Amino acid sequence: MRFYEYESKLLLARHGVALPKGSKLAKTAEEARQIAATIDGPTVLKSQVLSGGRMKAGGVLFANTPEEAAAAAEKILVLEINGHKPRGVLVESRQPVAQEYYLGITWDGIAKKPVMILSDMGGIDVEEVAEKHPEHIAKKHISTLIPFSEFRAKELVAQLATGTDVNAIVRFAAPLARIFMQYGLTLAEINPLAKLADGTFVALDAHVDMEAEARGAHKALLKEIGIGDEETRMARTPTKFELDGAAINAADHRGVAGNVTEFDGTLGLIIGAGGGSLTLFDAVRNHGGDPANYCEIGGNPSVGKVANLTKLILSKPGVTKIAVMMNVVSNTRVDMVARGVIKGVIESGGNPAEKIAIFRIPGSWEQEGFKILSKYGVEYCDRTVSMYEAAGRAVSKWKGN
Amino acid sequence: MSILITGDTTCIIQGITGREAVSMTRECLDYGTKIVGGVTPGRGGREIHGVPVFDTVEQVCKRERVDASVISVPPAFTRDAAFEAIENGIKLLVIVTENIPRFEVAQMVELANLRGARIIGPNCLGILSPGEAKIGGLGGRAVDAKKAFTKGRVGVMSRSGGMTTEICNTLTAAGLGQSTACSIGGDAIIGSSYAELMPLYEADPETEAIAIYSEPGGRMEADLARWVTENKSRLPVVAFMAGRFMDAMPGMRFGHAGTIVEGKADTTAEKIERMRAAGIGVAERIEDIPALVKEKLGRK
């Protein structure tokens with residue numbers, strides 16, 4: 001879950017990280033003028049959106065007076081960036097910069113430890129720097145068992161900085177590392193970390209991501225920063241169809257029948273489990289199928305849950321057929337899924353034999369499942385038919401419609 | 001032979017009185033796994049399918065040799081359970097639990113490394129050495145597991161539990177058995193990656209080829225490619241890459257917690273390129289895996 005820049009900075013400031021003067025969120029042009037008036041000198045106004053490319057889109061403007069700041073805020077507050085409306089505008093002091101650094105902490109999935117990264121080529125994409133100028137990147141892993149200690153930050157910074165800059169940057173790196181570990185973050189970035197003309201350092205921009213699993217443990221912090229429980233902060237705002245899918249899954253604790261993502265097509269998919277869904281979605285597309293949705297069933301969901309998911313998918317305008325497919329199952333019962341989809345189709349007023357393009361779920365309780373399917377005239381296949389082939393049969397029936 | 005577990009491996013189940021763990025116990029016993037005890041604090045003295053239940057891992061370890069532990073407890077208690085197993089000298093942990101915060105997974109892995117223990121998972125279905133033993137829910141009931149998994153010479157590793165069974169079933173249908181199949185887990189940080197299990201397969205005289213299932217997200221496939229190249233592996237590797245549609249959908253999570261495209265290195269296109277450059281065969285479909293394995297075996 002991504003934090004807005006102003007939220008990230010609130011978190012950093014609580015841990016003693018130095019920010020530019022001012023650094024407050026304005027929701028109106030008047031508020032922006034007032035914040036600018038408290039800052040002695042030029043200001044920068046930054047759109048608060050969860051999207052990159054702010055500068056390019058005109059979401060970052062400069063001002064010399066409080067009146068200019070108000071005018072800039074007025075423009076930014078109505079500017080949509082990549083489909084995102086701004087939450088507000090961050091007003092900060094603007095000072096001459098001598099050098100920009102990148103400072104970040106993220107997970108290294110291979111070392112399985114957090115890794116601190118520093119670059120003296122700040123302000124630009126760090127992945128690009130790592131690729132083209134590896135000598136400008138310093139890295140240091142940190143232990144998750146031994147309490148964090150300053151020396152690790154010094155070992156990082158001393159690879160690239162000298163003199164009093166070492167200690168100055170450590171005063172950013174150490175708290176960033178502590179914040180990263182304390183709050184279950186997946187990314188904590190200060191980019192750029194600026195050395196100003198007067199030799200002091202400030203965090204010009206910041207970006208923090210918290211993993212969904214950590215939200216429960218940090219409710220107090222989220223409340224204090226102003227992030228509500230209802231804010232999912234996903235890459236894409238969930239559609240009603242997706243929210244309905246989530247509600248179906250949440251209403252019954254038995255197994256999973258959810259993780260619904262809406263697509264533009266008309267071939268409904270009831271697929272599972274995690275890896276099987278990825279495999280099958282690719283297969284449907286390879287055959288030229290146009291899916292109405294992605295979803296995942298698994299962990300032996302109840303008949304009612306599968307039926308409700310089936311009804312939801314059939315209720316999507318334009319959906320003509322559904323394909324019910326999984327990898328060979330060992331936990332989920334074939335007969336339960338068969339009952340669920342048949343119930344869902346019938347309750348939607350459809351004929352299972354006609355609506356269900358294919359049923360390909362082999363595995364536990366398959367004989368019982370296949371018996372039910374043949375009773376309703378639904379085309380099914382066992383494990384001798386591959387997932388890819390089953391997807392092909394589904395697509396050709398859907399095309400013939 | 002096999003890797004990680006054989007018919008002689010003794011194991012315990014932490015969280016044995018949980019609903020899923022009870023049926024997992026039945027499945028494993030039926031498959032022939034030696035389960036010497038179960039642990040649920042406060043339930044000591046009971047029995048689950050004839051397996052004695054203890055309050056602590058220490059109590060079982062005093063009575064029995066314990067080679068492995070399957071951890072099937074809620075996410076909030078998993079770190080404690082893993083620490084308990086490791087600190088009592090157990091060297092192989094299979095963590096089934098899903099939704100454990102990444103920081104806690106890293107702590108478990110770091111402690112395991114310090115103590116010379118190995119973790120498989122979290123968010124995995126376990127390990128199955130056909131004809132020997134299975135620990136975890138992989139393959140389901142013994143009767144179903146015996147249909148999909150057969151003894152043989154292909155080592156299987158998969159980020160998806162369900163797809164482990166699908167791939168083994170496909171290999172079995174083509175007359176290719178498996179040495180050991182390992183569901184390695186779907187999280188961003190897992191105890192044992194492909195590259196970390198490769199040396200075990202490499203050292204196992206009966207394993208002659210490797211089949212893997214992979215997904216978008218993370219550097220695990222690139223790391224496998226590096227390992228295979230650097231170590232001049234004797235084992236031909238065939239990979240299947242799912243979730244290709246995700247390359248065009250950055251920031252979205254599908255399937256497993258670790259499956260998300262955040263940068264170029266996370267995409268299937270990039271992973272496939274790296275694996276191909278290392279001589280790893282990439283199957284377009286699951287059903288193409290056996291032919292690719294046979295072709296690579298024939299070429300040796």
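## Close-ups of a predicted two-chain model

**Figure 1. A:Gly275 sits in helix H10 of chain A.** A:Gly275 is buried, because 31 other C-beta atoms lie within 10 Å of its own, and the cut-off for buried is 20 or more. Leaving out residues up to four places away in sequence, the residues that A:Gly275 touches are B:Arg159, B:Ser160, B:Gly162, B:Met163, B:Tyr213, B:Glu215, B:Ala242 and B:Gly255.

**Figure 2. Chain A and chain B meet through 40 residues from chain A and 44 residues from chain B.** Which elements of chain A give two or more residues to the side that touches chain B? They are helix H10 (274-286), strand S13 (293-298) and helix H15 (387-399). H10(A) supplies the largest share of that side, with nine residues. Sorted by class, the side of chain A that touches chain B holds 17 polar, 14 nonpolar and nine charged residues. For the model as a whole, the scores are ipTM 0.96 and pTM 0.94.

**Figure 3. A cis peptide bond runs from A:Gly272 to A:Ala273.** Its omega is near -10 degrees. A:Ala273 belongs to the loop between strand S12 (267-272) and H10 of chain A. Chain B has a cis bond to look at too: B:Gly121 and B:Pro122 are joined by one, with omega about 5 degrees. B:Pro122 lies in the loop between strand S7 (118-120) and strand S8 (126-129) of chain B. As background for this view and the next, most residues other than glycine have a negative phi, and most peptide bonds are trans.

**Figure 4. A:Asn82 and A:Asn300: positive phi without being glycine.** A:Asn82 has a phi of about 50 degrees, and its spot is the loop between helix H4 (66-77) and strand S4 (89-93) of chain A. Is A:Asn82 buried or exposed? It counts as exposed, because it has 12 C-beta neighbours inside 10 Å. For A:Asn300, phi is about 55 degrees, and the loop in question runs between S13 and helix H11 (303-315) of chain A. A:Asn300 is partly exposed, since 18 other C-beta atoms lie within 10 Å.

**Figure 5. Chain B in overview, with ten helices and 14 strands.** Along its principal axes, the C-alpha trace of chain B spans about 55 × 40 × 30 Å. A compact globule of 300 residues would have a radius of gyration near 19 Å, and chain B has 19 Å, so the two agree. Of the 300 residues in chain B, 60% are buried. Take the contacts in chain B between residues at least 6 apart in sequence: 72% of them join residues at least 24 apart. Confidence for chain B averages a pLDDT of 96, and 99% of the residues score at least 70.

**Figure 6. Helix H3 (residues 75-87) of chain B and what covers it.** H3(B) has 13 residues, so at 1.5 Å a residue it should span 18 Å; the end C-alpha atoms are 19 Å apart, which agrees. The buried residues here are B:Thr78, B:Arg79, B:Ala81, B:Ala82, B:Glu84, B:Ala85 and B:Ile86. Their cover includes strand S1 (10-14), helix H2 (57-63), strand S5 (68-71), strand S6 (92-95) and H4 of chain B. After H3(B) comes B:Gly89, with a positive phi near 85 degrees.

**Figure 7. Helix H4 (residues 102-115) of chain B, end to end.** Just past the end of H4(B), B:Gly116 adopts a positive phi of about 70 degrees. H4 also turns up in the previous view, as part of what covers the buried residues of H3(B).

Note on methods
Residues are numbered from 1 along each chain as its sequence is written. Chains are lettered from A and ligands numbered from 1 in the order in which they are written. This is a predicted model: local features need pLDDT of at least 70, side-chain atom pairs count only at pLDDT 80 or more; totals for chains, interfaces and linings use all residues. Two residues are in contact if their C-beta atoms, placed from the backbone, lie within 7 Å. Helices (H or I, at least four residues) and strands (E, at least two) are DSSP runs, numbered from the N terminus. Ala, Val, Leu, Ile, Met, Phe, Trp, Tyr, Cys and Pro count as nonpolar, Asp, Glu, Lys and Arg as charged, and the others, Gly among them, as polar. The radius of gyration is taken over C-alpha atoms; the globule rule is 2.2 Å times the number of residues to the power 0.38. The expected span of a helix is 1.5 Å times one less than its number of residues. pLDDT is the predictor's confidence in each residue, from 0 to 100.
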